[in-house]
Amino acid sequence: MSPEELERLLGDPYDAAGPYGFAAAVARDERDAFPEELCAALREAGFHLDYLPAEWGGRFVSFDHSMLLVRTAARRDLNVMPGTMFGITAATCLALHGSPEQRKHAAEILARGGAVGFALSEADHGSDLLANTARLTPVDGGWELSGEKWMVGLGRRCEAVYLVARTGERGPGAFSAVLLDLPEGAERCERSPAVPASGMRGIDFAHLRFDRFPVPADALVGAEGQALESVMKAQQVVRVMSMAGSLGCADTALRLTLDFAAERRVGRTTVLRSPYPRREVAVASAALLAADAVALAAARGIHVAPEVFSVWGCAAKHVVAESTEDALRRCGTVLATRAVLRTEGPGGGLFQKLQRDAAIVRVIDTSTLANLRAFAAQLPSLRHFGGEDRDGADRALAEVRTVFDLSAPLPPYAPDRLDLTARGHDPVTAALPHTSPDVLARLTRDGELTAADLVTRLLTAVGGFPAELAGADRDTGPADLAERYAWLHAAACCVHLAWADAHATFTPAWLGACLAYLLARADGTDPRREAAALLPAADLAAQLHAANRLFSVLPVHLA
């Protein structure tokens, strides 16, 4: 299924009477209702099969394809993601270390549209996983499980659950995973009512409580003590798909804002042509276009360089989550009072739903701080950032060519190549000195001096990053530098897209707006100070909206 086919299936999202449009999404949100009809239509079309490999009965092609499909559906209602694809975490863990029987069992559930839950977090410990207390106690024939798991997606609907519990006393090796069937009314297992959340209303986030629940020996996934390794690798995949949700929310928010700003008049002009709101729209547009480029690169990068995706994925997740949140905030500034009305204004309350849903997806796989910590510790292990190692630079250049040439075929996804620590190079920053000269020459030849200056600024910043890393303050420096690195990584992605874009879709105005936004964020300054480079982004977004296209470098046409 292509995104265009999905759009045709679901129809015009602005149709107030349509079951798959914005009005229906807001109505469900008001009732805290699960998107039954929308999810049923998507399952009928096989949407839920797109993240499952062929051997599981699915039709997975690549992560860039899957992300684009999910983003297209999520622009209507983010709840389609948890409603149809919450099994991705459990499926990825089982693909890494599950037995053939466990994989087959999970595949049968997921392929028919059922749910396999993922139970990791505990209310008292949050992201401090090593403090979790749910325990598997050995007994004859297996274990007994006691403890409570928090915010389990589709916890009251799932037929089975991938659950991580303590089997040892200390360290990451103290935790093991089991795949449990949870028939309705199972003894010694209590499924609590859904936990109310501000966003993704109607989605079943439930507590699971176990009291000496019997667990057979063959329920163990992989070896004892192996669970956290599987989980940390699986989270890299989840980050890719969660970015699609963030992009979907921001896409719809920007459309609502453009519609309002183009029609609403202030004196002799429109809101969109008034200086201050126009600048806010430009910042929101640049933030979303940059996030699109970074997410697309990550979705392709996990195929090409999975060994370093523990850094690449964290950087992309941070940039996409922060950029789309910024875009929503800027849109809210332009919409003003209409952004806070519950049932009136643009979308009849839709903007509020988008804000709340985006806040949930921002932390659904990990918190912002935990994500920064996850790759801050890895930065010193990256051998170089600017490509001074010739062999490493050649390899990085080859990887970048495959990732950023959007017409190039991708190698098959190899989850066994995912690693917990990136011990080599980040190809995105390593290849920058070797792709940027071509981009600079093109920009200078065409008189695009603003964009050329931004590329030069990026080269200087990336080249100086090792010195910044060496002199970082031990207390606050690692997380701060990880955040700065994420924005520089993102800016390098944009340069590589311009370098590899044979069809010149990634224009100088597009590149300049994205770089201006990303470098301002890397420097910790307000992007509005880069107004000259950012303003064209408002026109780019307006053109894409008028052409009924996704706010993306890819030409996806919408219903």
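1. Lys317, His318, Ala321, Glu322, Arg362, Thr366, Ser367, Thr368 and Asn371 line the largest cavity. A cavity is a set of points, on a 1 Å grid over the protein atoms alone, where a 1.4 Å probe fits but cannot get out, and lining residues have an atom within 4 Å of a point.

2. This is a predicted model, in which local features need pLDDT of at least 70 and side-chain atom pairs count only at pLDDT 80 or more, while totals for chains, interfaces and linings use all residues. Residues are numbered from 1 along each chain as its sequence is written, and side-chain values use heavy atoms, without hydrogens and water.

3. The structure holds 2 cavities of 30 Å³ or more. The largest cavity contains about 60 Å³ of space, a volume being the space filled by probe spheres set on grid points that are joined across faces, edges and corners.

4. Helix H10 (309-335) and helix H12 (368-376) each supply at least two residues of the lining of the largest cavity; H10 gives the most, with 4 residues. Helices are DSSP runs (H or I, at least four residues) numbered from the N terminus. This lining has 1 nonpolar, 5 polar and 3 charged residues, where Asp, Glu, Lys and Arg count as charged, Ala, Val, Leu, Ile, Met, Phe, Trp, Tyr, Cys and Pro as nonpolar, and the others, Gly among them, as polar.

5. The second largest cavity holds about 30 Å³ of space. Its lining consists of Val26, Asp29, Glu30, Arg342, Gly348, Gly349, Gln352 and Arg356, which divide into 1 nonpolar, 3 polar and 4 charged residues.

Technical notes:
On a 1 Å grid over the protein atoms alone, a cavity is a set of points where a 1.4 Å probe fits but cannot get out, and a pocket is an open set with protein on both sides within 12 Å along at least five of seven lines; lining residues have an atom within 4 Å of a point.
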